[in-house]
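Student: I've got a fold to look through and I'd like to talk over its ring contacts and a hairpin. Can you walk me through it?

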Amino acid sequence: MTDNLHIQPLEKEDLEFLHNMRTNPDVMDYWFSEPYTNMEKLKKNFEQQKENESIRQFMLYHGQEKIGYLGLYGIIQRHRIAQFAIMIHPDHQGKGYAADATKLVVDYCFNQLNIHKLSLNVIKVNEKAIHIYRKVGFEVEGELKKQYFVNGSYHDAYVMSLFREDYVAR
């Protein structure tokens, strides 16, 4: 099912699909953000971020169908670090895409950008995501107490990281 997965850089015509996810509370709760954004703001951010070398944004496709979004943020070339984020559209969740999609961006990160360490934050109650990240090779590096406000309460989060040498050795 995931054989035909691929990523493409985010384009302006992808913003409507992204807007659909960015306004969905079920998606945005796990991004630790309000499900509030408008198209004008997305367009403005897209234009501003086109020249930003510390960000890489991708659309995830299964065949020709858009199914998600992946991003690398806080890229610092001097230290060779970046932060990872993923968003699978609710219509496509639970179909086994997340681990393979994560691997696509991890491969890009380590083999194209020469990143040394890739990190992410995930709330501890998001057990499915933690399972996927561990499957790819991420390990818990630390814990953030009552870090994120989700569904009316504060949640602890893990900082998870993956080093290039550990990923290559797998």
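Student: Is Y108 buried, partly exposed or exposed?

Tutor: Keep in mind that this is a predicted model. The relative accessible area of Y108 comes out at 24%. Buried would need under 20% and exposed over 50%, so with its 24% Y108 is partly exposed.

Student: And F110 with Y167, what kind of ring pair is that?

Tutor: Their ring centres are 5.7 Å apart, with 50 degrees between the planes. Stacked needs under 30 degrees and edge-to-face over 60.

Student: How many aromatic pairs does a search of the whole structure find?

Tutor: F58 and Y108 make an edge-to-face one, at 5.0 Å centre to centre and 75 degrees between the planes. There's also a cluster formed by F84, Y133 and F138. Over the whole structure, the search turns up six.

Student: Now the hairpin: which residue of β6 and β7's hairpin takes a positive phi?

Tutor: β6 (residues 139-150) and β7 (residues 153-163) pair antiparallel over eight bridges. Two residues lie between the strands, and the residue with a phi near 55 degrees is N151.

How values were computed: Residues numbered from 1 in each chain as written. Predicted model: local features only at pLDDT ≥ 70, side-chain atom pairs only at ≥ 80, totals over all residues. Heavy atoms only, no water. Pairing = 2+ DSSP bridges. Helix = DSSP H or I, 4+ residues; strand = E, 2+ residues; numbered from the N terminus. Phe/Tyr/Trp six-rings, centres within 6.5 Å; stacked < 30°, edge-to-face > 60°. Buried < 20%, exposed > 50% of the residue type's maximum accessible area, 1.4 Å probe, protein only.
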